[in-house]
Amino acid sequence: MGFRRPPFSTDFIFLFPNHFCLPALLKLCQRREISSWLARWFPRDPAKPVVAQKTPIKLELIAGKTYRWCVCGRSKKQPFCDGSHFFQRTGLSPLKFKAQETRTVALCTCKATKRPPYCDGTHKSEQVQKAEVGSPL
């Protein structure tokens, strides 16, 4: 006798195609210890980005290459992500983008641009210039 797939019902929840999880597992996942542990690593309210620098970084992007721009401002490899957002539990994720053509661009490091990841001149504003490096706006 081969494996018989259980009939679909509301008692089962799909995790992956052809894999089921019993409701008891859901109750286990809702226990306080697990949810509080997850909440520390993945907070519901993400932290605010911090000002990494008050001037953009100009560099050459290579066509077809994928980049991960730091959103949180905590990366030591500005303007790109080094994973600091995860280990500092910010709840933020990097902006992944692919360069369409090889060209020199100015990437934002104040993290206040309206055109991420590219600089739009927001760093010249009084609010950014008065802010301390490493502090949120």
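Before going on, some ground rules. This is a predicted model, where local features need pLDDT of at least 70, side-chain atom pairs count only at pLDDT 80 or more, and totals for chains, interfaces and linings use all residues. Residues are numbered from 1 along each chain as its sequence is written, and side-chain values use heavy atoms, with hydrogens and water left out.

Let's start with the overall chain. The protein chain has four helices and six strands. Helices (H or I, at least four residues) and strands (E, at least two) are DSSP runs, numbered from the N terminus. In sequence order, the pattern reads β-β-α-α-β-β-α-β-β-α.

Back to the two annotated spans. For residues 54-88, the end C-alpha atoms lie 22 Å apart, and the span is 11% helix and 26% strand. For residues 92-129, the end C-alpha atoms lie 23 Å apart, with 11% helix and 24% strand.

Now burial. The protein chain has 137 residues, and 28% of them count as buried. Buried means under 20% relative accessible area, exposed means over 50%, and partly exposed is in between (1.4 Å probe, protein chains only). The chain exposes about 9900 Å², and carbon and sulfur atoms supply 57% of that. Those areas come from the Shrake-Rupley method with a 1.4 Å probe; for residues, only the protein chains shown count as cover.

What about contacts along the sequence? Take contacts between residues at least 6 apart in sequence: 57% join residues at least 24 apart. Contact means heavy atoms within 4.5 Å.

Next, the core. In soluble globular proteins, nonpolar side chains tend to be buried together. Here, the largest nonpolar core has 15 residues. A nonpolar core is a set of buried Ala, Val, Leu, Ile, Met, Phe, Trp, Tyr and Cys residues joined through side-chain atoms within 4.5 Å. The residues with the most contacts inside this core are Leu-59, Leu-61, Tyr-67, Trp-69, Phe-97, Leu-107 and Cys-110. Strands β3 (57-61), β4 and β6 (103-107) each supply at least two residues of this core. β3 gives the most, with three.

Look at Leu-61. Setting aside neighbours within four places in sequence, Leu-61 contacts a list of residues including Tyr-67, Phe-80, Phe-97, Val-105 and Tyr-118. Glu-101 and Arg-103 are also on that list.

That pair brings us to charge. How many salt bridges does the structure hold? Two. A salt bridge is a side-chain nitrogen of Lys or Arg within 4 Å of a carboxyl oxygen of Asp or Glu. One joins the side chains of Glu-101 and Arg-103, at 3.7 Å, N to O. Both partners are partly exposed: Glu-101 at 47% relative accessibility, Arg-103 at 38%.

The other links Glu-126 and Lys-130, with the closest N and O atoms 2.8 Å apart. These residues sit four apart in helix α4 (residues 126-130), so about one helical turn separates them. Glu-126 and Lys-130 are exposed, Lys-130 at 63% relative accessibility. Lys-130 also lies 9.7 Å from Lys-54, C-alpha to C-alpha, although 76 residues separate them in sequence.

Now a buried serine. Ser-75 is in the loop between β4 (66-69) and α3 (84-87). Its relative accessible area is 7%, so Ser-75 counts as buried. A polar atom of the Ser-75 side chain lies 2.6 Å from the backbone oxygen of Phe-80. Beyond residues up to four places away in sequence, Ser-75 touches Cys-70, Phe-80, Cys-81, Asp-82 and Ser-84.

Last, backbone geometry. Most residues other than glycine have a negative phi, and most peptide bonds are trans. Pro-79 is in the loop between β4 and α3. The Pro-116 to Pro-117 bond is cis, with omega near 5°. Pro-117 is in the loop between β6 and α4.

Then the positive phi values. Arg-89 has phi near 55°; this residue lies in the loop between α3 and β5 (95-98) and is partly exposed at 34%. Lys-111 has phi near 65°. Lys-111 lies in the loop between β6 and α4, and is buried, with a relative accessible area of 12%.

Definitions and conventions: Polar contact = N/O pair within 3.5 Å; in protein donor to acceptor, adjacent residues only side chain to side chain.
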